[in-house]
Amino acid sequence: MTTASKQSGVLLVSGILLVVSSLGLRPVFEGWLFLVPVVAGAAVGLGVAAFGRWKRLYLGETLALSLLAFGAVGTLFIVGPHDPLGFAGALVDGWSDLLSASPPAALTPTLRVVPYATAWFGAAISGELVRRGAPAISVAVGPVAVLLATCLLTVGDKRIAVAQGVVLSCGVLLLGHLSAPRLATGLRELTGPLAVGVVLVSVAIVTAVVGPYLPTPTERDRFDLRTYQDRPWDPLDEPSPLVTIKAALKAGVRDDERFIVTASTPIERFGVATLSSYAGTVWAVTDAGSSGASRFVPIDRRFPDSPTAFGSEVTYAIDVVGGNDPWVPLSGWPRRIEVEGTESKLRFNAETGTAAVPGGLRPGTRLSITAVENNVASLDELAALTMVASPADGSELDLVPPAFVNVAGDVFEGVDRGSDHVVALAKAFSTAGFYDATGVARPGHSLARLSEFFADTDALIGYEEQFAAGAAVLLRIDGVAARVVVGYVVPPERYVDGSATVLAGDASAWIEVLTEERGWVPVDAATRPRREPEST
């Protein structure tokens, strides 16, 4: 084999290994398009090295040419010629943006720079070794450097790690074969830095191949820069959204505009917070026994999928008009949210689908949302569904007052457990439910307050706060997985040309029950429209 053909083979193998070393970025990005800048970066680094060896350029000349080519290709093709200074800014911001993005992140021009620069750096190392005429096996140092860099940027994926280990092992063996004529002359070539490089390559390859099969293999989480950047925010420091409903229904407040929704099809129900935790005092957005902040993690535009969201995809926009609540109005499970008008990062609870903005949603903020629509079912359809048993350990039900037992006996008497109990409860609350017209009824939904609410089962007088909280507690006593949702209910007739203004008086609360067939299904716990008693 001639020297020229051997070097061409070494460069080709090196390029393949650089691409393989970058595959670990796949869990971070949407799809495989990130490989395009990877290939571009590898081509620039290796191409300049080959040109420098052909023209017998000095190290300084080759380095300068490689930097110029790196910047030119990055400006013209990676970021785009429309923003000549954008590539320089992306080199600074791309790394922090990637480490602050919740995977899978969209491959924006800024984020494209990261795989491009990483591949170019590895290619520059390998290319320089080729230019110097070093043994072919030493060229693997470049791909290993890329592999180590991507380990800091990505989420662990065992399947990709195994594939990388196999291909890198084969590549190193091939490079060793190409190095054989020189290595056969003795071990003098393996002294100094070259020996260190060979050892590092061997350790990295063995680790990549053997690591996933160790006795306790786990897919690790990625280093998240937001843990150190974002100011602390604990959702449990915010008032429970359920206790704010009565204030929103007051005469001087109920007509205040909260937000404007724009959608191709009228959307009736918007949840702002799902309350899954109850300890007998207040329904909360997360369990007080664990770190509330850890449940609400910073997130960018792309949201994780939900195993209990089965509907079609819908798109709509929310324009915030008034209020300063942190909770984001959502219809369905979010897949993507574009936020304009605020610098605060979204926080998201992947267990309940609740999103929030620390510091509150400011007027003028616009959210463009793509979501999986709500799982809905009529009471007749609900009766045919299979309820999932309550995951609660029952500790919050230890101090249930006798009134609850009496109400449960009245409502569920002669009714089969499961979905029939849910239907019976909704019908009973709708029949006996009245809204307090005088404002005398106290707010709150502790077990003591709900005991007052259930004092007369023929006339349940209160607000959505008591209806939703009481229904969820009764269902949990019955063993049905239930939770409370606070949000807004918008009359379909209010939509004009695809837009509707949501008022403070549209604030409401309902329950959700977990079904095997449709996931979490909303159920109204109170009568609609709001019905006031003749006397209180």
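Reply: We begin with surface patches. A patch is made of residues with over 30% relative accessible area and no salt bridge, and like charges are joined within 9 Å. The model before us is predicted.

Me: Which residues gather in a patch of negative charge on the surface?

Reply: Asp410, Glu413, Asp456 and Asp458 form that negative patch. One of them, Glu413, is located in the loop between α13 (402–412) and α14 (419–432). Its relative accessibility is 63%, so Glu413 counts as exposed.

Me: Which residues form the nonpolar patch on the surface?

Reply: For nonpolar side chains the joining distance is within 5 Å. Here Leu12, Ile16, Val166 and Val167 make up such a patch, and together they have about 340 Å² of accessible area. Two elements, α1 (3–21) and α7 (158–183), each give two or more residues to the nonpolar patch. Ile16 belongs to helix α1. With a relative accessible area of 45%, Ile16 is partly exposed.

Me: Let us turn to salt bridges. What is the general idea, and how many salt bridges does the count come to?

Reply: Side chains of opposite charge can pair when their charged atoms come close. The cut-off is a side-chain nitrogen of Lys or Arg within 4 Å of a carboxyl oxygen of Asp or Glu. By this rule, there are 10 salt bridges.

Me: With which residue does Arg258 form a salt bridge?

Reply: The partner of Arg258 is Asp325, and their closest N and O atoms are 3.8 Å apart. Arg258 belongs to strand β1, whereas Asp325 sits in the loop between β6 (313–320) and β7 (333–340), so the pair ties together parts that are 67 residues apart in sequence.

Me: Which residue meets Arg335 in a salt bridge?

Reply: The side chain of Arg335 meets that of Glu313, at 2.9 Å from N to O. This pair links distant parts of the chain, with Arg335 in strand β7 and Glu313 in strand β6, 22 residues apart. Arg335 is partly exposed at 31% relative accessibility, and Glu313 is partly exposed at 49%.

Me: Which residue meets Asp319 in a salt bridge?

Reply: Asp319 pairs with Arg366 through their side chains, at 2.6 Å from N to O. Here too distant parts of the chain are linked: Asp319 lies in strand β6 and Arg366 in strand β10 (residues 366–372), 47 residues apart. Arg366 has a relative accessible area of 30% and is partly exposed. Salt bridges can also share partners, and in this way Glu128, Arg131 and Arg132 are joined into one network.

Me: How many residues does helix α16 have, and how far does it reach?

Reply: The expected span of a helix is 1.5 Å times one less than its number of residues. Helix α16 (residues 464–477) has 14 residues and reaches 20 Å from its first C-alpha to its last, close to the 20 Å expected. Of those 14 residues, 13 are buried, so α16 is largely enclosed by the rest of the structure. Just after α16, Gly479 takes a positive phi of about 90°.

Me: How far apart are Thr265 and Gly498 in sequence and in space?

Reply: Thr265 and Gly498 are 233 residues apart in sequence and 6.9 Å apart in space, C-alpha to C-alpha. Thr265 is part of the loop between β1 (257–263) and β2 (269–275). Its relative accessible area is 53%, so Thr265 is exposed.

Definitions and conventions: Residues are numbered from 1 along each chain as its sequence is written. This is a predicted model: local features need pLDDT of at least 70, side-chain atom pairs count only at pLDDT 80 or more; totals for chains, interfaces and linings use all residues. Side-chain values use heavy atoms; hydrogens and water are left out. Helices (H or I, at least four residues) and strands (E, at least two) are DSSP runs, numbered from the N terminus. Buried means under 20% relative accessible area, exposed over 50%, partly exposed in between (1.4 Å probe, protein chains only). Accessible areas come from the Shrake-Rupley method with a 1.4 Å probe; for residues, only the protein chains shown count as cover. Lys and Arg count as positive and Asp and Glu as negative; His and the chain ends are not counted. The place of a charge is taken as NZ of Lys, CZ of Arg, CG of Asp or CD of Glu.
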